[in-house]
Amino acid sequence: MVGRPRSTECDRAILEAALAEYAARGLEAMSVDAVAARAGVSKATIYRRYPSKVELVMAAVLMLCEETSPEFDTGTLEGDVRGYVSNLAQVISDPVYGAAKRTLLFDAVTNDDLLRMHRTLVATRRDQVRAMFERAIDRGEMRTDTDLEFATDQLGAPLFYRHLLLHDDIDDTYVAKVVTDFVARYGVSGTAMAAPGQRAARVTARSRT
């Protein structure tokens, strides 16, 4: 006899509740009871899906990363960098999402499962960023001698420094400065910072040759 299919709405409610509790309390202090109460389900419902608190947190963080880590392919280096930096600023400034990411950094130090998951998520994200840079190089918008690993570090580092160490807000003005500095440093002069209409004309011209 086949059992009832799992409710996607219930799954979603559980993971969102787990994320909120994790962001507020961390792995050790959060409780499945609190997650169940917040989600409006029983503890048994949660444990049928996630046998341990760590597995519950991992599923919640995975959902967060899948939904807040889009790939950017706007057709220009400046557009991709702006999209990436703006998205990162929005996520880490979010009262729940940002807090969950901060908490994961600390919990990963003492929990091997969370550490492995965090490393995998970071590696996946860095692969996406490097692919973004490689497309820009292929278009002739980014310097071919760019150290892609170092450039990937530099793209997000200013935001994490400002947020985690200085505890300052990341506003649109700061995002714009990070984007402008990055493109000026790694972009090819005359292409990376061209106006949208100029970029479109240049792409069209190249396609005819």
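I took helices (H or I, at least four residues) and strands (E, at least two) as DSSP runs, numbered from the N terminus. By that rule H167 sits in the loop between α8 and α9 (172–186).

**Entry: ground rules.** I am reading a predicted model, in which local features need pLDDT of at least 70, side-chain atom pairs count only at pLDDT 80 or more, and totals for chains, interfaces and linings use all residues. Residues are numbered from 1 along each chain as its sequence is written, and side-chain values use heavy atoms, with hydrogens and water left out.

**Entry: the chain.** I counted ten helices and zero strands. I then looked up burial, where buried means under 20% relative accessible area, exposed over 50%, and partly exposed in between (1.4 Å probe, protein chains only). Of the 209 residues in the chain, 42% are buried. Contact means heavy atoms within 4.5 Å. Among contacts between residues at least 6 apart in sequence, 66% join residues at least 24 apart.

**Entry: cores.** A nonpolar core is a set of buried Ala, Val, Leu, Ile, Met, Phe, Trp, Tyr and Cys residues joined through side-chain atoms within 4.5 Å. I found 31 residues in the largest one, and Y22, I46, L56, V61 and L114 have the most contacts inside it. Two or more residues come from each of α1 (8–29), α2 (32–39), α4 (53–68), α6 (97–110) and α7 (112–138). A second, separate core has 25 residues, including L77, I92, V129 and V183. In soluble globular proteins, nonpolar side chains tend to be buried together.

Leaving aside neighbours within four places in sequence, Y22 is in contact with L27, M30, V57, V61, A100, T103, L104, D107 and L114.

Entry: D11 lies in helix α1. I list D11 as buried because its relative accessible area is 14%. The side chain of D11 makes a polar contact with the side chain of R49 (2.4 Å). A polar contact is a pair of N or O atoms within 3.5 Å; within protein, one must be able to donate a hydrogen and the other to accept it, and residues adjacent in sequence count only if both atoms are side-chain atoms.

S86 lies in helix α5 (residues 77–93). I list S86 as partly exposed, since its relative accessible area is 31%. S86 and I170 are 84 residues apart in sequence, and their C-alpha atoms are 9.4 Å apart in space.

H167 has a positive phi of about 55° although it is not a glycine. Most residues other than glycine have a negative phi. At 63% relative accessibility, H167 counts as exposed.

Entry: On a 1 Å grid over the protein atoms alone, a cavity is a set of points where a 1.4 Å probe fits but cannot get out, and a pocket is an open set with protein on both sides within 12 Å along at least five of seven lines; lining residues have an atom within 4 Å of a point. Grid points are joined across faces, edges and corners, and a volume is the space filled by probe spheres set on the points.

The largest pocket has a volume of about 740 Å³. I found 29 lining residues, of which K101, L121, V122, R125 and F160 lie nearest its centre. α7 gives the most to this lining, with eight residues.

My search of the whole structure gave two cavities of 30 Å³ or more. The second largest cavity has a volume of about 40 Å³. Its lining includes Y84, R125 and M132, and α7 supplies the largest share, five residues.
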